[in-house]
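These are my notebook entries on one structure. I recorded what I looked up, entry by entry.

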Amino acid sequence: GTIDWREVRKWIQSNVCPSLEKLEITLVGFFENKKYEEDYNDVRTIRELNNKIMLCDPMLKLRVVQGQWHNSYKAIGSSECPDVAVLLNPGFQTQLHDWYPTLICLRDLGVPVICSGRSHVSRQSSDSNQMENILCDVGLKCILPFERNPFAEMWERYPNARHPNQQGVYACNAYICIFQGTASNSLSQKETQNTLMQQVHRRCCIRKARAAALSEANAASVFGEGQQHLADAWTELGNQCENGRLFPPSMDVDYLQEVVDDMDEKRMAKAFANALKGSMRM
């Protein structure tokens, strides 16, 4: 979105770094194809606004880069190493193949990484049980564990919901944590890094399955046998991931929902067929 970075700079100077003389901010992301819907994320608007802001505040240097940060950093050069990286709702577990090289780069540079995550309401987000584990698995050290973010954007959902997992508040940037790595954690061989990414992804899948099984089991107390079937399917999927019989080909853990739905449909079809055979015998 569009942000008046003058206010951010004033807040940092007042509360964090009184001696601040210059603040350089690089906004990275905006993954759209540059040849198609280039302005889908209002990249042009953000650039135009930032140019006006810099004219008003000479202490600010703002830059917008499309693509992945580790690529932009390599293009810029080591002299531009950031003092801190802020990752807002990154969702590592759903885009691990995109985030992994960036996390490795930030880890090896020893850059402090501030991350935020969405609160967990039903199936809306798994940040709360994935983000810290992923950062630790990648080799970053926890400086500040997950805690409530005082600047969270709160979205109340289903205030009268029957579903036990939908009761409460759903929030954007609900949690905040800080991690940091060192060059001593670096992995020199690309093959080793790829292997580690697969291991991190596998552990993400297991955590996702365990959490989803518990969620559906909680819902079964309200909605009955149908939810319990889903809980059983998630439990079976977690077991298959853990013992190596199943390794989802996608780096998006949300793909597991499709696997479970397929398993549940087959389970229900088998139960229906058995019931049908029993009625025919009668």
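**Entry: surface patch.** I looked up nonpolar patches and found that Trp11, Val16 and Phe151 form one on the surface, with about 370 Å² of accessible area together. Patches are made of residues with over 30% relative accessible area and no salt bridge, like charges being joined within 9 Å and nonpolar side chains (Val, Leu, Ile, Met, Phe, Trp, Tyr) within 5 Å. Accessible areas come from the Shrake-Rupley method with a 1.4 Å probe, and for residues only the protein chains shown count as cover. I placed Val16 in the loop between helix H1 (5-15) and strand E1 (23-29). Helices (H or I, at least four residues) and strands (E, at least two) are DSSP runs, numbered from the N terminus. Val16 is exposed, at a relative accessible area of 55%. The classes are buried (under 20% relative accessible area), exposed (over 50%) and partly exposed in between, with a 1.4 Å probe and protein chains only.

**Entry: basis of the model.** I note that the model is predicted: local features need pLDDT of at least 70, side-chain atom pairs count only at pLDDT 80 or more, and totals for chains, interfaces and linings use all residues. Residues are numbered from 1 along each chain as its sequence is written, and side-chain values use heavy atoms, with hydrogens and water left out.

**Entry: sheet.** I traced an open sheet of four strands in the order E3-E4-E8-E5, with mixed pairing. Strand E3 (85-87) and strand E5 (141-148) stand at the edges with a single partner strand each, so one side of each has no neighbour in the sheet. Neighbouring strands of this sheet are turned by 15 degrees against each other on average, direction ignored. The axes behind this angle are lines fitted to C-alpha atoms, for helices over the stretch in contact, and angles run from 0 to 180 degrees between N-to-C directions. E3 pairs with strand E4 (residues 113-117) in the parallel sense over three bridges; two strands pair if DSSP finds at least two bridges between them. Ala85 stands opposite Val113 in E4.

**Entry: salt bridges.** How many salt bridges does the structure hold? I recorded seven, a salt bridge being a side-chain nitrogen of Lys or Arg within 4 Å of a carboxyl oxygen of Asp or Glu.

- Lys10 and Glu7 form a salt bridge, with the closest N and O atoms 3.6 Å apart. Because they are three residues apart in helix H1, about one helical turn separates them. Lys10 is partly exposed at 41% relative accessibility, as is Glu7 at 47%.
- Asp108 and Arg107 meet through their side chains at 2.9 Å, N to O. Asp108 is partly exposed at 23%, whereas Arg107 is buried at 1%.
- Arg207 and Asp137 meet in a salt bridge at 3.9 Å, N to O. This pair links distant parts of the chain, with Arg207 in helix H6 (residues 190-223) and Asp137 in helix H5 (residues 127-138), 70 residues apart. Arg207 is buried at 17%, and Asp137 is partly exposed at 22%. Salt bridges with shared partners join Asp137, Arg203 and Arg207 into one network.

**Entry: nonpolar core.** Which residues of the largest nonpolar core touch the most other members? Of its 40 residues, I noted Phe92, Leu103, Cys115, Ile134, Leu135 and Trp234. A nonpolar core is a set of buried Ala, Val, Leu, Ile, Met, Phe, Trp, Tyr and Cys residues joined through side-chain atoms within 4.5 Å. At least two residues of this core come from each of E3, helix H4 (96-109), E4, H5, strand E8 (175-180), H6, helix H7 (225-242) and helix H8 (255-281). H6 gives the most, with nine residues.
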